[in-house]
Amino acid sequence: LKFVCLGNDCVDQHMIWLIGLKNVFARQLPNMPKEYIVRLVMDRSHKSVMVIRRNQVVGGITYRPYVSQKFGEIAFCAITADEQVKGYGTRLMNHLKQYARDIDGLTHFLTYADNNAVGYFIKQGFTKEISLEKDRWQGYIKDYDGGILMECKIDPKLPYTD
Ligand code: ACO
């Protein structure tokens, strides 16, 4: 089992994993248009943290780091159906926090959570109260009424992974 963080860098293996992740999102997020999923997963301003087991993508999170604003927007998050509720979603989020803090220099995450995923995000430290000053994120992420805006502060020191 391994966790990787990468984007569209034209490395063959990375492209294969990104396509695998796109397929997990397409199945697990049926309300999202497939073209929109492909566009963001392959977009060069987005990155993806993935769980890989036996060279297969078990799940992942696609996010856009706004480095100047020090926050990231989570676009998609999913684990393949037969591997859910085994702890992968939690480990994935911990790896995301570690990468985002140590590599991108981010302090916060924002996401529009689907109603049925709010419980998962709360367990990952997200809240519905947005403490980030509006001028740091307004205009960067677009309003979307299909979800609930949630925020997570990344601890500056905590080791999130072992
Ligand atoms: N609602 C409430 N609690 C949940 C949910 C949920 N939908 N999913 C998991 N949990 C809980 C688990 O019970 C567990 O609690 P515990 O620590 O008390 O045991 C905890 O959250 C973590 O569970 P994991 O096993 O780490 O989570 P999992 O690997 O199943 O991943 C995920 C969670 C990503 C939500 C997965 O269930 C999934 O892919 N769901 C379908 C797609 C989806 O809804 N994605 C999020 C959409 S919003 C967005 O993409 C921005």
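User: Let's start with T62. Where is T62 placed, and is T62 buried or exposed?

Analyst: Keep in mind that this is a predicted model. To place a residue, ask which element holds it, then check its relative accessible area. T62 is in strand β3. Its relative accessible area is 0%, so T62 is buried, given that buried means under 20%.

User: What joins the side chains of T62 and S48?

Analyst: For a polar side chain, look for a partner N or O atom. Here a polar contact of 2.8 Å joins the side chains of T62 and S48.

User: Which strand holds V51, and how does V51 count on accessibility?

Analyst: V51 is found in strand β2. It counts as buried, because its relative accessibility is 0%.

User: Where is the place of C10, and is C10 buried or exposed?

Analyst: C10 is in the loop between β1 (2-6) and α1 (12-28). With a relative accessible area of 52%, C10 is exposed, because the cut-off for exposed is over 50%.

User: Now backbone angles. What is the phi of V85?

Analyst: Phi of V85 is near 55 degrees, a positive value in a residue other than glycine. V85 is also in the loop between β4 and α3. V85 counts as exposed, because its relative accessibility is 86%.

User: Which loop holds R54, and what is the phi of R54?

Analyst: R54 is found in the loop between β2 (47-53) and β3 (56-66). R54 has a positive phi of about 45 degrees, although it is not a glycine. Its relative accessible area of 72% is why R54 is exposed.

User: How does R101 compare, buried or exposed?

Analyst: With an arginine, check the accessible area and then look for partners of the side chain. R101 lies in helix α3. Its relative accessible area is 13%, so R101 is buried. A polar atom of the R101 side chain lies 2.7 Å from the backbone oxygen of D155.

User: On to the ligand. Where does the ligand sit?

Analyst: First find the site, then walk through the residues around it. The ligand sits in the largest pocket.

User: Which residues come nearest to the ligand?

Analyst: Of the 24 residues around the ligand, C77, V85, G87, T90 and N116 come nearest. By class, the shell has 12 nonpolar, 9 polar and 3 charged residues.

User: Which element gives the most to that shell?

Analyst: β4 does, with 5 residues. The elements that each supply at least two shell residues are β4 (71-79), α3 (88-102), β5 (108-113) and α4 (118-123).

User: Which polar side-chain atom lies 2.7 Å from an oxygen atom of the ligand?

Analyst: Here you sort by backbone or side chain. The side-chain case is T90, with a polar atom 2.7 Å from a ligand oxygen. On the backbone side, an N or O atom of I79 lies 2.8 Å from an oxygen atom of the ligand. G89 likewise has a backbone N or O atom 2.8 Å from a ligand oxygen.

User: How much of the ligand does the protein bury?

Analyst: Compare the area of the ligand taken alone with what the protein covers. Alone, the ligand exposes 960 Å², and the protein buries 74% of that.

Definitions and conventions
Residues are numbered from 1 along each chain as its sequence is written. This is a predicted model: local features need pLDDT of at least 70, side-chain atom pairs count only at pLDDT 80 or more; totals for chains, interfaces and linings use all residues. Side-chain values use heavy atoms; hydrogens and water are left out. A residue is near a molecule or strand if one of its heavy atoms lies within 4 Å of it. A polar contact is a pair of N or O atoms within 3.5 Å; within protein, one must be able to donate a hydrogen and the other to accept it, and residues adjacent in sequence count only if both atoms are side-chain atoms. Accessible areas come from the Shrake-Rupley method with a 1.4 Å probe; for residues, only the protein chains shown count as cover. On a 1 Å grid over the protein atoms alone, a cavity is a set of points where a 1.4 Å probe fits but cannot get out, and a pocket is an open set with protein on both sides within 12 Å along at least five of seven lines; lining residues have an atom within 4 Å of a point. A molecule sits in a cavity or pocket if more than half of its atoms lie within 2 Å of its grid points. Helices (H or I, at least four residues) and strands (E, at least two) are DSSP runs, numbered from the N terminus. Ala, Val, Leu, Ile, Met, Phe, Trp, Tyr, Cys and Pro count as nonpolar, Asp, Glu, Lys and Arg as charged, and the others, Gly among them, as polar. Buried means under 20% relative accessible area, exposed over 50%, partly exposed in between (1.4 Å probe, protein chains only).
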